[in-house]
Amino acid sequence: MFRIAASLLAVPALILSACGPTTSSEGQSDASQTPVERGQYLVSISGCHDCHTVRGTEPIGSAARPNLAGSDSELHIKGLGVFVPPNITPDRETGLGGWTEEQIADAIQKGLRPDGRILSPAMPWEPLYSHFTREDALAVAAYLKSIPAVHNRTPDPRGPDDTDDPAFLKTVPRRDLPPPPDGK
Ligand code: HEC
């Protein structure tokens, strides 16, 4: 497992590096764009791959880097715990296969999972994706439902781990959020 900083300060850099080699950029929303195409475009510029696809130099979507099938990196949030960006392909067992598009849009925009847990700031929904319009959040959800399902279980979140976080991680603002329950 690599460890990467979940500093919100790092997010703009993540986003700037988000334009992967296989991501398409259809440009602005126009009448001819389907929701799936719009969603693909939004995912390509919103940093989703930086966290939800394993890192590497191979093209996104190759066998080494299946599209959005979960990370190999841990994000440590001081006081909250350790989070591995999960598989967000439509696999029923290990991804979002059992979620509706409305539920996916709620997770992206409001940090709300179907089980009621609010996602930690390791997933930057509050500073970033809460600004999506509902239509765009649903377009992202439609795209996520359209991509190949990949069976890949990422580790569940772990509780607070205050022992060895380097000082720079302490720049992540603390939130009054409960730690994740056992078993996600
Ligand atoms: C900075 C890293 C990061 C970025 C960028 C990011 N995510 Fe996440 N995402 C996470 C982490 C970590 C979690 C799990 C957080 C938790 O369990 O509290 C998560 C959770 C999710 C979930 C809920 C899945 C589940 O099983 O609970 C969805 C859906 C999701 N992200 C979609 C997206 C989309 C779509 C984008 C781009 C628009 C995106 N994420 C960008 C890190 C990230």
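Q: What is the mean pLDDT of the chain, and what share of its residues reach 70 or more?
A: The mean pLDDT is 82, and 73% of the residues reach 70 or more. pLDDT is the predictor's confidence in each residue, from 0 to 100. Over residues 5-27 the pLDDT is below 50, yet this stretch has 53 contacts in the model beyond near neighbours in sequence. Over residues 167-174 the pLDDT is also below 50, with 18 such contacts. Two residues are in contact if their C-beta atoms, placed from the backbone, lie within 7 Å. Where pLDDT is low, the predicted coordinates should not be read in detail.

Q: What kind of model is this, and which pLDDT limits apply?
A: This is a predicted model: local features need pLDDT of at least 70, side-chain atom pairs count only at pLDDT 80 or more, and totals for chains, interfaces and linings use all residues. Numbering starts from 1 along each chain as its sequence is written.

Q: What makes a stretch count as a helix or a strand?
A: Helices are DSSP runs of H or I with at least four residues, strands are runs of E with at least two, and both are numbered from the N terminus. The chain has five helices and three strands. From the N terminus on, their order is β-α-α-α-β-β-α-α.

Q: Why is Leu 68 called buried?
A: A residue is buried if 20 or more other C-beta atoms, placed from the backbone, lie within 10 Å of its own; it is exposed if 12 or fewer do, and partly exposed in between. Leu 68 has 27 C-beta neighbours inside 10 Å, so Leu 68 counts as buried. Leu 68 sits in the loop between α3 and β2 (73-77). Its phi is positive, about 60 degrees, although Leu 68 is not a glycine. Most residues other than glycine have a negative phi.

Q: Why does Gly 61 count as partly exposed?
A: Gly 61 has 19 C-beta neighbours inside 10 Å, so it falls in the partly exposed class. Gly 61 belongs to the loop between α3 and β2. Gly 61 and Ile 147 are 86 residues apart in sequence, but their C-alpha atoms are 9.8 Å apart in space.

Q: Why is Gly 97 partly exposed?
A: Gly 97 has 14 other C-beta atoms within 10 Å, so Gly 97 is partly exposed. Its place is the loop between β3 and α4. Leaving out residues up to four places away in sequence, Gly 97 touches Pro 90, Asp 91, Arg 92 and Ala 149. Its C-alpha atom is 9.6 Å from that of Leu 144, 47 residues away along the chain.

Q: How do you know that the span of α5 is close to the expected one?
A: The expected span of a helix is 1.5 Å times one less than its number of residues. α5 has 13 residues and reaches 18 Å from its first C-alpha to its last, close to the expected 18 Å. Its buried residues include Asp 136, Val 140 and Leu 144. Their cover includes α2 (35-45) and α4. The buried residues of α4 in turn pack against α5.

Q: What makes a set of residues a nonpolar core?
A: A nonpolar core is a set of buried Ala, Val, Leu, Ile, Met, Phe, Trp, Tyr and Cys residues joined through C-beta atoms within 7 Å. The largest one has 31 residues, and Ile 104, Ile 108, Val 140, Ala 141 and Leu 144 touch the most other members. α5 gives the largest share of this core, seven residues. Beyond four places in sequence, Val 140 is in contact with Gly 39, Leu 42, Val 43 and Ile 108.

Q: Which residues are closest to the ligand, and how many surround it?
A: 27 residues surround the ligand, and the closest are Cys 48, Cys 51, Ser 120, Ala 122 and Met 123. A residue is near a molecule or strand if its C-beta atom, placed from the backbone, lies within 6 Å of it. α3 gives the most to this shell, with four residues.

Q: How do the residues of the shell divide into nonpolar, polar and charged?
A: The shell has 21 nonpolar, four polar and two charged residues. Ala, Val, Leu, Ile, Met, Phe, Trp, Tyr, Cys and Pro count as nonpolar, Asp, Glu, Lys and Arg as charged, and the others, Gly among them, as polar.
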